[in-house]
Amino acid sequence: MIQDRLRLRFVSVALAVLAGLGVAAAFRWAVSTNSYNVWGALIWVPIVIAVNVVLIRRVSRTTDMAWLPGLLGLAYALKLVGALGRYYIAYVVYAGAADAQRYNLYAATHHVQWRGGVISWEWSAKQGTQWMELITTALYTVTGPSPLAAFVIFASFAFWGQYLLFRAFRLALPEGNTKRYAVLVLVLPSLLFWPSSIGKEAWLMFFVGVTALGAARLFTHRRGALVLLLLGAAGTALLRPHLAVLLFAALFVAQLFRPTDDRRSGLLSKMGGVMVLGVAAYILTSQSAAFLGIDDFSWQAVSDTVDSASDQASEGQSAFESTPIRSPADIPGALVTVLFRPFPWEANNAQMLIQSLEGVFLIALTLKAVPRLRRLPSAMARSPYVTFSVVYVSTFVWAFSGFGNFGILARQRVLMIPFFLVLLALPAIDRLREEATAPVRKLDRVRR
């Protein structure tokens with residue numbers, strides 16, 4: 001036993017020395033290139049990785065799941081690979097023709113002024129994009145203008161959003177298939193790739209996770225729910241208030257229909273939650289109306305705006321004929337498109353091919369989960385978090401069903417897929433039956 005520990009310590013020290021020599025050699029080469037993007041990354045990336053390793057070890061100490069620490073370590077390593085892949089696509093394949101480059105150029109120009117204490121910006125209608133420019137500038141004020149380092153930092157930010165989504169599932173559905181959900185939400189290729197760059201998806205992934213954990217705490221009567229929900233609302237509304245509307249509308253519905261006991265305190269708690277979420281939804285709706293440039297938030301006005309955005313998003317090499325929901329007959333096609341497409345034969349590049357294979361994988365998981373999905377109404381009646389997930393997925397599918405571009409659709413739906421995965425990790429049938437019969441068995445024991 002002692003020899004094994006000494007051998008492990010020796011190997012660890014040897015690897016650390018080799019890694020240090022490698023970093024030193026890489027740093028010497030990077031400085032000779034006169035590119036701060038490279039040698040700045042060699043300064044900041046090891047620091048970011050070290051901080052995240054410490055955080056992973058810290059959260060791993062509080063778990064009773066022996067498999068979780070290893071999974072978190074693997075998921076973070078794969079997230080870094082996703083960030084490098086995203087960087088390669090943006091700056092090598094597309095030669096900088098990506099949203100990340102816009103944020104990078106703005107921040108690289110203005111961060112020097114910020115360091116000098118001069119913080120100013122010009123405001124226009126596209127507030128979400130400008131907020132992203134300011135966030136990137138704030139980051140560069142600390143790290144310097146290295147997009148490679150920024151990709152790793154944003155990817156790490158999104159990773160913890162995925163972890164918070166897992167925490168929310170574990171808290172709200174302890175009887176669910178925790179390991180399956182953890183694997184899916186942490187290592188699904190689209191979640192590793194798309195929210196791993198300078199951009200809105202990484203920022204939003206974190207705050208979607210914050211909102212999900214706040215919802216789970218609200219539904220399980222835990223402390224801190226309101227703070228998390230407020231933080232999640234602020235973070236999502238900053239860049240995409242209409243996404244915040246979808247989240248909090250789903251929360252409102254779930255709170256409205258959540259089961260309560262016969263006690264007056266339980267009913268008052270439910271109604272208080274409904275009122276708070278109703279006010280939050282109204283405020284976010286007003287903000288979203290201003291963001292979208294519409295005077296009223298009627299169904300027709302929102303539908304017209306979504307159709308307009310869909311037309312603008314139906315251009316480019318990845319364009320396809322979309323199936324927007326205008327009647328109940330359009331729902332099946334829209335569900336398949338938003339959740340699973342492109343199909344392999346529709347892919348026209350390597351990115352879309354990987355995305356299509358993921359879609360096939362999710363179709364297989366969905367078919368395998370059909371017996372559990374048949375009991376979805378009863379699961380919704382028991383768990384408000386399941387209701388929250390179903391409503392959010394449904395409204396997201398409606399809102400994005402008209403987007404006729406596979407690239408845009410794949411990038412946007414990463415903010416919805418974690419909630420669809422909840423439905424693929426529901427409790428097994430025998431577990432549901434056991435829970436359903438538990439009150440009867442308890443009553444029989446009382447009678448005896």
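The following dialogue examines how several terms apply to this predicted model.

Mentor: Residues are numbered from 1 along each chain as its sequence is written, and side-chain values use heavy atoms, with hydrogens and water left out. In this predicted model, local features need pLDDT of at least 70 and side-chain atom pairs count only at pLDDT 80 or more, while totals for chains, interfaces and linings use all residues.

Trainee: Why is Asn52 called buried?

Mentor: Buried means under 20% relative accessible area, exposed over 50%, and partly exposed in between (1.4 Å probe, protein chains only). Asn52 has 5% relative accessibility, so Asn52 counts as buried. Asn52 belongs to helix 2 (residues 36-60). Of the 448 residues in the chain, 48% are buried.

Trainee: What makes the pair of Asn52 and Tyr76 a polar contact?

Mentor: The term requires a pair of N or O atoms within 3.5 Å; within protein, one must be able to donate a hydrogen and the other to accept it, and residues adjacent in sequence count only if both atoms are side-chain atoms. The side chains of Asn52 and Tyr76 make such a contact at 3.2 Å. With neighbours within four places in sequence left aside, Asn52 is in contact (heavy atoms within 4.5 Å) with Tyr76, Ser156 and Trp160.

Trainee: How do you know that residues 36-55 are helical, and what does UniProt call them?

Mentor: The span is 100% helix and 0% strand, with its end C-alpha atoms 27 Å apart. The unreviewed UniProt entry lists residues 36-55 among its "transmembrane region" features; such annotations may be inferred rather than shown by experiment, and positions follow the numbering used here, with feature names shortened.

Trainee: Which classes of residue line the second largest pocket?

Mentor: Its lining has 16 nonpolar, two polar and no charged residues. Ala, Val, Leu, Ile, Met, Phe, Trp, Tyr, Cys and Pro count as nonpolar, Asp, Glu, Lys and Arg as charged, and the others, Gly among them, as polar. Helix 14 (331-340), helix 15 (350-368), helix 18 (384-400) and helix 20 (417-424) each supply at least two residues of this lining.

Trainee: Which residues of helix 7 are buried, and what covers them?

Mentor: In helix 7 (residues 178-187), the buried residues are Thr178, Tyr181, Ala182, Leu184, Val185 and Leu186. Their cover includes helix 3 (68-93), helix 6 (147-172), helix 8 (189-193), helix 15 and helix 20.

Terms used:
Helices (H or I, at least four residues) and strands (E, at least two) are DSSP runs, numbered from the N terminus.
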